[in-house]
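Me: I would like to learn how to read salt bridges and surface patches in a protein model. Could we go through them one at a time?

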Amino acid sequence: MAEKNKENIFFRNVNENPCNMCMPMGGILALKGIEQSMVIVHGSQGCSTYMRRHIAEHFNEPVDVGSSSLNEKGTIYGGEKNLRQALDNIRKVYHPALIGIVTTCLAETIGEDIERITGQYLIDNEMEEFPIVTASTPGYGGSHFEGYFFTLKRILMQLTEAAEKNNKINIIIPNISPADIREIKRMLALMQIEYVLYPDFSDTLDRPFAKPYTKMSNGGTKITEIRSMGGAAATIQMGITIEDGISPGKYLEEEFGVPLYNIAIPMGVESTDAFINTLVEITGKKVPESIKQERGRLLDGMIDSHKYNFQGRSVIFGEPEMVYGVTKICAENGVFPAVVATGSQIGKFNQLVTAAVAECPEESKILIETDFSHILAASKEGKVNIAIGPSDGRYLTEKGDIPLVRLGFPIHDRVGGQRLLSVGYTGTMMLLDRITNTLLENKYKSYRSSMYEEFYQQG
Amino acid sequence: MAEDLTGSITERDEFIVTKGKNKKQLKCDTDSSAGCVSQRACVYCGARVVLNPITDAIHLVHGPIGCATYTWDIRGSLSSGAELYRNSFSTDLKEQDIIFGGAKKLSAAIDGLVEKYQAKLVFVYSTCIVGVIGDDLEAICSAASRRHNIEVIPVESSGFIGNKSAGYRAAGDALLRLIKPSESAVIEKNNSINYLGDFNLAGEAWIIHNYLRQMGVELNVTFTGDSHYTALKSAPKAKLNIIQCAGSMIYLAGKMEELYQIPYIQISFLGIEDTAASLRNIAAALGEESMIVKAEELIAKETARVDSIIKGYRAKLEGKKAAIFVGGGFKAISLIKQFREIGIDVVMIGTQTGRKEEYEIMNELVDDGTVILDDANPAELERFMMEKGANLLVGGVKERPLAYKLGIAFIDHNHDRKHPLSGFEGAVNFAEEVYSTVCSPVWKSLNALGMESGVANHG
């Protein structure tokens, strides 16, 4: 059951080791998946630098993001001059095809009207056709998770037009790894399905080494594709936890009548089946033999590891959508999700997770809008022996001796966050192996001494 | 559209000089230009990085969650005792708090934390919006201070009130409040010294402490690496201040000279040359014959130990070219000399927050043709590294992927590194790290790809 209300007295006043980031961070990630796009963070210099540092560390990629570098003057008299200058400079150096502007708490608090400013800027420069996307993402308004989807919705609101019907399927993806995105694209290709994948940072945030270096990387969802998403046959949105108000898929459904299939990230057998079945339902295509074989191999591997997994008691934390996906994998494999936690404030989360863990032998503890001090306390109470989530979970290892399987965003203390594959039948198997092997490693590390202490010394 | 989109940002011209070519004075220590993708952080960041190594303090960030998330455990600073500093506490301001003010929440947060952790010292950092909504930090902190009979010190670090240097000053002011003796107290001077501007990222402060001990010099307190409340309180007793990181500490040192008659000298423990000179200078400043003798003994012993190791690396590295972009001027200056020790010339050098005097020294030290730049951005770093044929870059997390994408070696001189770079030990580590990256076999593979212009500049 959700613990939120009980904890409000202390929790309301202080967050002790955050389990979430702020809205503009999500906005940057979303915009990084658009072809030839640049982002300007409207606020003081630090916001953009901190977020760049976080993103660069996870993806091991250069992450160029502009800032309007608001100083005292701009804060008092308004930041229009700074924002216009930022637009000038970003265009000069990067020649982007699209510019996204996300706000910070500072810009929002002083009441910056970024739509008016950018509208006037385009008129003054006689470039009304140039796409500037604005998203209001105050740092106090929600977490990076909400910022991500809200910005995706804003891009659609400003770019997508009524289009002729086509056979493509819009695939809206959450903040998964570039390797995950490529895996989804591979599955779509195997199914011979035409699609628009949105946003697509599989290349922009994980580009191959090539010479010469270019400031803007190739890849990303094409602007022309985004414009035509209103004509798609359907939208599959991997965003089962997100609220309708920030749902890009919901927007396409309401505005252009594109049928929406809201599904979980295809992690685990059930959720991946749901993805494949949805594709079949929409297109009437057959599931290719190779995908069936991948599924069979996953089932085979699940049997191989099921007894070891049964000894797992996990704490799962991070962004709601990823946490939900991992919870499904754990529940399917007998790893008991003892604590399921997110720093975000998502109303549906409790209900969805409750349903996902309904058949578990014990009751899971679900924490919403929480922090790591609470996650640690709940983990100790729940006798957790494995943690699954982003790098900040090392706090649980340090303070609670709980081994961590790194997954999600950000992974800043290991290399290869961008290469972690965890979706589809193949990715699920890889993630499950990481989980099982962490449990085994931990067991082998201590069984000699624990058996000795438990039985020999007593005897 | 009569715009210049050729990529050069004219307002940046004054921040870049080439030694020997132009006589103009380099512009520095001013706000970043909007849209230039500055590598700099903000005022809050400057304050946080200086104060965070105080190990037994509660570091409470008054603001929305992002500021606390992005700076959790920001420096790898080591502690010999308390671990409280490794938490990131935030008032996690939400929309309601922005509208109605965050004062009550802040008071309650302090109360909750002080009760839970029994701390003697709380730093409350103000962030951008706190400066805008006008919470009276001073009043809230002094009320809390009286309530709990401990020190609750506000840090005036709203992100927009300047650049990172303003944060250093805010931290300096907070430290001055902390070390101020009560009015009735009599300061009894002893023969010890304070060590300013070492944050003990990987045990550096301990290395220096050992040197001083061998020389018979008593170290009073380090600002702020591995320091704590009681030790810092004794700061006014010292006879001499030595400053390593001048950028962050010169303001504090000046004030301590004025208030407590403690003279200061600038030293540097980066590289053999600077380390030896610094030890001599400290002994000379203290004026005791035995210290001067012991310093020489120490230098002779250590130099003999590391000399051949360094020479070995020098033989491999002779003739390579380095680019430097680091936080402060002091570090940059030392690096020029340190590179010289291993046979490497500096062809590009810049900092985030260097001061005029520091740039003058850099200009004297480097060869003609070296590019010197303040508050650079990725486009400039890329351009000058390529133009000057740099074989490696020294920088922080954000710069690393850029160097790698250009096929250039990289040295981490940042908060994240896990090996010391100070003293004789540090000089060996530095040379080893340079060797490990410049002479890595991976660069050969880049050429083996047979790309048209793909010959990496690692001859």
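Me: With which residue does Arg207(A) form a salt bridge, and how far apart are the closest N and O atoms?

Reply: Side chains of opposite charge can pair when their charged atoms come close. In this predicted model, the partner of Arg207(A) is Glu61(A), with 4.0 Å between the closest N and O atoms. Arg207(A) sits in the loop between strand E7 and helix H10 of chain A, and Glu61(A) in the loop between helix H3 and strand E3 of that chain, so the pair ties together parts that are 146 residues apart in sequence.

Me: Are Arg207(A) and Glu61(A) buried or exposed?

Reply: Arg207(A) has a relative accessible area of 14% and is buried; Glu61(A), at 2%, is buried as well.

Me: Which residues are linked in a network of salt bridges?

Reply: Such a network links Glu80(A), Arg84(A), Arg116(A) and Asp124(A), while the search of the whole structure finds 42 salt bridges over all chains.

Me: Which residues make a nonpolar surface patch?

Reply: Tyr444(A), Tyr447(A), Met451(A) and Phe455(A) make one of about 430 Å². Met451(A), which belongs to helix H18 of chain A, counts as partly exposed at 39% relative accessibility.

Technical notes
Residues numbered from 1 in each chain as written. Chains lettered and ligands numbered in written order. Predicted model: local features only at pLDDT ≥ 70, side-chain atom pairs only at ≥ 80, totals over all residues. Heavy atoms only, no water. Patch = residues over 30% accessible without salt bridge, like charges linked within 9 Å, V, L, I, M, F, W, Y side chains within 5 Å. Areas by Shrake-Rupley, 256 points an atom, 1.4 Å probe, with all protein chains shown as cover. Salt bridge = Lys/Arg side-chain N within 4 Å of Asp/Glu carboxyl O. Helix = DSSP H or I, 4+ residues; strand = E, 2+ residues; numbered from the N terminus. Buried < 20%, exposed > 50% of the residue type's maximum accessible area, 1.4 Å probe, protein only.
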